[in-house]
Amino acid sequence: MTTPERPTAGRRNEEETAGDGVPVLAPDRVRRFWSVRRIPAALLAAVVLGGTGLLLYDVAAVRADRSAMSWRRDLADELATRPLDDDWVLAAAALAVLLGVWLLVLAATPGLRAVLPMRREHPDVRAGLDREAAALTLRDRAMEVSGVQSVKVRVGRAKVAVRAVSHFRPLDDVHADVASVLADGIEELGLAHPPALTVRVNRPSRKKG
């Protein structure tokens, strides 16, 4: 049995005020967390720094009446003699384009998909909830429902998928209780954009033999 459910409390579309008079920002003003992306930035910086340093060293050596490095002479000869429709030139150009697109995607997307932004009850404070922690919390809530034998919870940005196994009680009753409990649980998580809830309840599979 599968029925999409929404949390009981609707999303707040305008700025509200908490009980202590502190303004609560509207959900549409709460943005996702941006990843620092230290590893791609460090790799790119290392490559650029190494290439630039090597090139500057070679240019300075030539200015000091020394011969240029063999790799730069070979590269200059290849660029001067190899046609543009050569396979190696096309492959290098495609690799450069893919690398550029990858860097643009990293620069334009937030990242940190595992962190769900929470409602901001103070303009200067931002909080996030890890998806695994949210899934574990909801799983514990579902296990408290009478008749539930096991539960699997997957928390995404837009949907919470729950698969429960019930070994007694009517499935409709268990489904209604699980949906109600988890709807309240999602609201209590304090997420800025509460995800939709999908609950599926089945009987335990019978093993043959």
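1. **Ground rules.** Because this is a predicted model, local features need pLDDT of at least 70 and side-chain atom pairs count only at pLDDT 80 or more, while totals for chains, interfaces and linings use all residues. Residues are numbered from 1 along each chain as its sequence is written, and side-chain values use heavy atoms, with hydrogens and water left out.

2. **Overall layout.** The protein has five helices and eight strands; helices (H or I, at least four residues) and strands (E, at least two) are DSSP runs, numbered from the N terminus. Along the sequence these follow the order β-β-β-α-α-α-β-β-α-β-β-α-β. Of the 209 residues, 26% count as buried. Here buried means under 20% relative accessible area, exposed means over 50%, and partly exposed lies in between (1.4 Å probe, protein chains only). Among contacts (heavy atoms within 4.5 Å) with a separation of 6 or more, 62% are between residues 24 or more positions apart.

3. A nonpolar core is a set of buried Ala, Val, Leu, Ile, Met, Phe, Trp, Tyr and Cys residues joined through side-chain atoms within 4.5 Å. The largest one has 25 residues, and those with the most contacts inside it are Leu-138, Val-153, Val-155, Val-160, Val-162, Val-178 and Leu-197. The elements giving two or more residues to this core are H4, S6, S7, H5 and strand S8 (196-202). H5 supplies the largest share, six residues.

4. **Val-160 as a place to look.** Not counting residues up to four places away in sequence, Val-160 touches Leu-138, Val-153, Arg-154, Val-155, Ile-186, Pro-195, Ala-196, Leu-197 and Thr-198.

5. **The S6-S7 hairpin.** Strand S6 (residues 148-155) and strand S7 (residues 159-166) run antiparallel and are joined by seven bridges; two strands pair if DSSP finds at least two bridges between them. The hairpin between S6 and S7 passes through three residues. Within the pairing, Arg-154 stands opposite Ala-161 in S7. As a reminder, side chains in a regular strand alternate between the two faces of the sheet.

6. **Ser-150 in S6.** Ser-150 belongs to strand S6 and, at 33% relative accessibility, counts as partly exposed. Leaving out residues up to four places away in sequence, Ser-150 touches Met-143, Arg-163, Ala-164 and Val-165. The C-alpha atoms of Ser-150 and Val-201 are separated by 10.0 Å, with the two residues 51 apart along the chain.

7. **H4 against H5.** Helix H4 (residues 131-143) and helix H5 (residues 171-188) pack at an angle of about 145°, with axes 9 Å apart. Axes are lines fitted to C-alpha atoms, for helices over the stretch in contact, and angles run from 0 to 180 degrees between N-to-C directions. H4 contributes Leu-138, Arg-141 and Ala-142 to the contact, and H5 contributes Val-178, Val-181, Leu-182, Asp-184, Gly-185, Ile-186 and Glu-188. These residues divide into six nonpolar, one polar and three charged. In that count, Ala, Val, Leu, Ile, Met, Phe, Trp, Tyr, Cys and Pro are nonpolar, Asp, Glu, Lys and Arg are charged, and the others, Gly among them, are polar.

8. Leu-189 is in the loop between H5 and S8 and is buried, at 11% relative accessibility. Apart from neighbours within four places in sequence, Leu-189 is in contact with Met-118, Leu-129, Ala-134, Thr-137 and Leu-138. Leu-189 and Met-118 are 71 residues apart in sequence and 7.9 Å apart in space, C-alpha to C-alpha.

9. **Two positive phi values.** Most residues other than glycine have a negative phi. Asp-65 has a positive phi of about 65° although it is not a glycine; Asp-65 sits in the loop between helix H1 (38-63) and helix H2 (70-81) and is exposed, with a relative accessible area of 75%. Phi of Arg-169 is also positive, near 75°. Arg-169 is in the loop between S7 and H5 and is partly exposed, at 25%.

10. Asp-58 lies in helix H1 and counts as buried, at 1% relative accessibility.
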